[in-house]
Amino acid sequence: MLFRFAQTAIEAAQARLELRDASAGGFVSFEGWVRDHNEGKEVTRLEYEAFQELAVKEGDRIVSEALRRFPIKHALCIHRVGALQLSDMAVWVGVSAVHRGEAFDACRYIIDEVKHRVPIWKKEHYRGGDSGWVNCEHCAAAPHHSHEADGRGAGVHYSALDVDSRK
Amino acid sequence: MIPIYGLVLAGGSSTRMKRDKAALPYRGKNQLDRAFELAARHCTEVFVSVRASQVVDPARAAHPMLVDSVAGEGPIVGIRSAMAAFPQVAWLVIACDLPFLSDAALEYLVQQRDPGSVATAYLSVHDKLPEPLCALWEPAAAAALAEYQAAGGRCPRKFLMRHRVKLLEPLDHRALDNVNTPDEYAAALAALAANPVKLRIQYFALMREQAGRSEETIETAAATPADLYGELAARYGFTLGREQLKVAVNSEFSEWSRPLAAGDDVVFIPPVAGG
């Protein structure tokens, strides 16, 4: 399994062992932590929620892509769900490779894609008791982005049909 | 761009059906109401086009009506009357007897709209000619239609064939099938019944909070995820527009126009925020 969820604290030291390889000369990891502020607001805690069935498939696809695109040995991503406190680890990505350059690149690729593609949602709780789903509350008021690539356009014709020839 | 108003044509005399077509039920809803609600999801305002003698009919009077003000017969009269009442808008004209018409079909029409044409219309899958009664008519058509009718023309399809129209291949071959006779009605009911509609919906994050539940099983007339979202957004007041979402069917990302089948598991995916 290349992508999985953790219901409790991510055990990074354990996860790292899964990527060991005698031919690997480097290991790169990324940890995402819960930060105490976001977009000018003071964050006190947060919750992650996931559509796990699809998230695991999409996460697996992302790590598989990294393994194909970059000459690396092993890669793994673990994401937390549930209630998190400040400084808790929200996500962990680890990559081992023969050389460090590919490991850095693959690690960056995985975290960037996970943020954009995997159905995971984050609810931030702010000082004062307010809360909000990140990326959902602002755009509800003012739609400004779409993540649906629209490839349509085929099957469009212009014409003033000739009545007589079509009878 | 100028606004789009909806016009549901319900002025026909239903001669071949031998009963009022507007009142024909599909899945517990008469097809006039169904067509009206469908149009309302894509237009600023929607009216039902009726003849003067029909204004007392309760099914029609349940909606805002536009009574024929132009002399003559047929759908051209309804279209021209609407244009006369609101000359500054484009009209999404739909016949009320299209039981398979979907949100996806109307959305595509609106999205592909060409205001520089007389109309944007689908090509019939049967004869490859323009379908005037599920089309977006531009204000520029008004004068030409008046001229056409004055010259004795009665057929909106022939009118479209003589003018510059943006023509679209339908995304769903059955979406524009109309139902004129008791046999066709029976066949349409059978087709709809053969397409079972019990679905499981799961809600996450903001959508879970707005729906007030994390899952439910529903019976629906929605043929596609796009239709289903329209229905559920109206029920729960979702704040996110469909263009901001993705959709998954049976735990895999899906097109919005995919036909839904019995037992499908549908999840609307609001903008994600992992990491």
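**Close-up 1. A:V34 in the loop between β2 and β3 (37-38) of chain A.** In this predicted model, local features need pLDDT of at least 70 and side-chain atom pairs count only at pLDDT 80 or more, while totals for chains, interfaces and linings use all residues. Residues are numbered from 1 along each chain as its sequence is written, and chains are lettered from A and ligands numbered from 1 in the order in which they are written. The strand names used here follow DSSP runs, numbered from the N terminus, with helices being H or I runs of at least four residues and strands being E runs of at least two. A:V34 counts as buried because it has 20 C-beta neighbours inside 10 Å; a residue is called buried if 20 or more other C-beta atoms lie within 10 Å of its own, exposed if 12 or fewer, and partly exposed in between, with C-beta atoms placed from the backbone. Although A:V34 and A:S87 are 53 residues apart along the chain, their C-alpha atoms are separated by 4.7 Å. When neighbours within four places in sequence are left aside, A:V34 is in contact with A:L46, A:L84, A:Q85, A:L86, A:S87, A:D88 and A:A90, where contact means that the C-beta atoms of two residues, placed from the backbone, lie within 7 Å.

**Close-up 2. The open sheet of chain A with the strand order β1-β5-β7-β2.** Strands of a sheet pair through backbone hydrogen bonds, either parallel or antiparallel. The pairing among these 4 strands is mixed, and two strands are said to pair if DSSP finds at least two bridges between them. At the edges are β1 (3-6) and β2 (26-33) of chain A, each of which pairs on one side only. From one strand to the next, the twist averages 15°. Strand β7 (residues 89-97) of chain A runs antiparallel to β2(A) and is joined to it by 8 bridges, and A:F30 stands opposite A:V93 in β7(A). Helix α2(A) packs on the sheet, where it touches β1 and β5 (72-80) of chain A, and its direction makes about 155° with that of β5(A).

**Close-up 3. Helices α2 (residues 52-69) and α3 (residues 100-117) of chain A packed together.** Two packed helices are described by the angle between their axes and the distance between the axes. Here the angle is about 155° and the axes are 10 Å apart; axes are lines fitted to C-alpha atoms, for helices over the stretch in contact, and angles run from 0 to 180 degrees between N-to-C directions. The two helices α2(A) and α3(A) are therefore roughly antiparallel to each other, a term for angles over 145 degrees, whereas those under 35 count as roughly parallel, 65 to 115 as roughly perpendicular and the rest as oblique. On the side of α2(A), the contact is made by A:E58, A:G59, A:I62, A:V63, A:A66 and A:R69, and on the side of α3(A) by A:A106, A:Y109, A:I110, A:E113, A:V114 and A:R117. Also in α2 of chain A lies A:E53, which counts as partly exposed because it has 15 C-beta neighbours inside 10 Å. A:E53 and A:P119 are 66 residues apart in sequence and 9.5 Å apart in space, C-alpha to C-alpha.

Close-up 4. With strand β8 (residues 130-137) of chain B, β7(B) pairs in the antiparallel sense over 5 bridges, and B:A121 stands opposite B:A135 in β8(B). The two strands β7(B) and β8(B) form a hairpin with 6 residues between them, and B:K128 in the turn has a positive phi of about 60°. Strand β9 (residues 165-168) of chain B runs parallel to β7(B), and 4 bridges join the two; in β9(B), B:L167 is the bridge partner of B:A121.

**Close-up 5. The open sheet of chain B with the strand order β11-β10-β14-β12-β13.** The 5 strands of this sheet show mixed pairing. Since β11 (215-219) and β13 (252-254) of chain B stand at the edges with a single partner strand each, one side of each is left without a neighbour in the sheet. Strand β12 (residues 246-249) of chain B pairs with β13(B) in the antiparallel sense over 3 bridges, and B:V249 stands opposite B:E252 in β13(B). Helix α9 (residues 225-236) of chain B lies across β12, β13 and β14 (265-269) of chain B, running at about 70° to β14(B).
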